Amino acid sequence: DLRFISGNITQIMSGEAAKAGVSSGKSFGSSFGGAVGTGLKMAGGAAVAAAAGMAALGKSLVSNAKETAAYGDNVDKLSQKIGISAESFQEWDYVFSQNGADIGILEGGMKKLSSSLDDAKNGSDSAIENFNRLGVSVADLSTMSQEDIFGAVISALQDMPEGVERTAIASDLLGRSAMELGPLLNQTAEGTETLKQLAH
């Protein structure tokens, strides 16, 4: 009977199809569910990593802010000790660093220069002669700020030919710091000004 055969075939096929469906469903569920689970785990890990990254960034920003504040405070204090503006201090700090010198020597150099200028104002022949040999007027220097006086003297020394005379004048006016300023004095005034601009 074709109807009997057809019915049995349908039942058999239906059962097999159901088994196949259940089997496929389990397989799909396992694969897809595993992928989703893995994805959620990865997403959770990424969220933790992102949170850790943000925390590290925040910590870094706080640390940098503290370092910047400390640097600013240091510049302010040192510039006041030397007697120049914070901006000029940072310019010379960069210029010195590019010439193998430390900005710390400027404190002693500025004190010696101020003392030499005072001596010249008070009539010291040797002090007056040193400034005259540089081609700078004591009267003009007397109207300048500390940083402008230093800049004018350095520029005048740079214009002199390298040798014993320049070394002697630099030593008389700037004291022991003159030795460390040798590479700077071998530069041109224009080169020094360029370095100051680069500092910004």
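The buried residues of helix H10 pack against helix H2 (86-97), helix H6 (146-159) and helix H9 (182-185), where a contact means heavy atoms within 4.5 Å and where helices (H or I, at least four residues) and strands (E, at least two) are DSSP runs numbered from the N terminus. The structure is a predicted model, in which local features need pLDDT of at least 70 and side-chain atom pairs count only at pLDDT 80 or more, while totals for chains, interfaces and linings use all residues. Residues are numbered from 1 along each chain as its sequence is written, and side-chain values use heavy atoms, with hydrogens and water left out.

**Helix H10**

Helix H10 spans residues 189-199, and its buried residues are Thr192, Leu195 and Lys196; buried means under 20% relative accessible area, exposed over 50%, and partly exposed in between (1.4 Å probe, protein chains only). Seen down the axis of H10, these buried residues fall within an arc of 105°, so they line one face of the helix, the arc being that of the directions from the helix axis to the C-beta atoms. An α-helix has 3.6 residues a turn, so residues three or four places apart point the same way. On the face of H10 turned away from the buried side are the exposed residues Glu190 and Leu198.

**Overall composition**

The protein has 10 helices and 0 strands, and from the N terminus on its elements run α-α-α-α-α-α-α-α-α-α. Of the 200 residues in the protein, 25% are buried. Among the contacts with a separation of 6 or more, 60% come from residues 24 or more positions apart. The accessible surface comes to about 12300 Å², with 58% of it belonging to carbon and sulfur atoms; such areas are computed by the Shrake-Rupley method with a 1.4 Å probe, and for residues only the protein chains shown count as cover.

A nonpolar core is taken here as a set of buried Ala, Val, Leu, Ile, Met, Phe, Trp, Tyr and Cys residues joined through side-chain atoms within 4.5 Å. The largest such core holds 37 residues, of which Phe96 and Phe131 touch the most other members. At least two residues of this core are supplied by each of H1, H2, H3, H4, helix H5 (138-141), H6, H7 and H9. When residues up to four places away in sequence are not counted, Phe96 touches Ala101, Asp102, Ile103, Ile105, Leu106, Phe150, Leu181 and Leu184.

Asn99 is placed in the loop between H2 and H3, and at 10% relative accessibility Asn99 counts as buried. A polar atom of the Asn99 side chain lies 2.8 Å from the backbone oxygen of Val95, a polar contact being a pair of N or O atoms within 3.5 Å, of which, within protein, one must be able to donate a hydrogen and the other to accept it, with residues adjacent in sequence counting only if both atoms are side-chain atoms. Leaving aside residues up to four places away in sequence, Asn99 touches Pro183, Leu184, Gln187 and Leu195; Leu195 is also one of the buried residues of H10.

**Salt bridges**

A search of the whole structure finds 3 salt bridges, each defined as a side-chain nitrogen of Lys or Arg within 4 Å of a carboxyl oxygen of Asp or Glu.

| Pair | Closest N and O atoms |
|---|---|
| Lys81 and Glu107 | 3.8 Å |
| Glu107 and Lys111 | 3.7 Å |
| Glu165 and Arg133 | 3.3 Å |

Lys81 forms its salt bridge with Glu107, and this pair links distant parts of the chain, with Lys81 in helix H1 (residues 2-82) and Glu107 in helix H3 (residues 105-121), 26 residues apart. Glu107 and Lys111 both lie in helix H3, 4 residues apart, which is about one turn of the helix. Together, Lys81, Glu107 and Lys111 are linked in a network of salt bridges.

Glu165 is partly exposed, with a relative accessible area of 41%, and Arg133 is partly exposed at 35%.

**Arg176**

Arg176 lies in the loop between H7 and helix H8 (177-180) and is exposed, with a relative accessible area of 82%. Arg176 and Ile105 are 71 residues apart in sequence and 8.5 Å apart in space, C-alpha to C-alpha.
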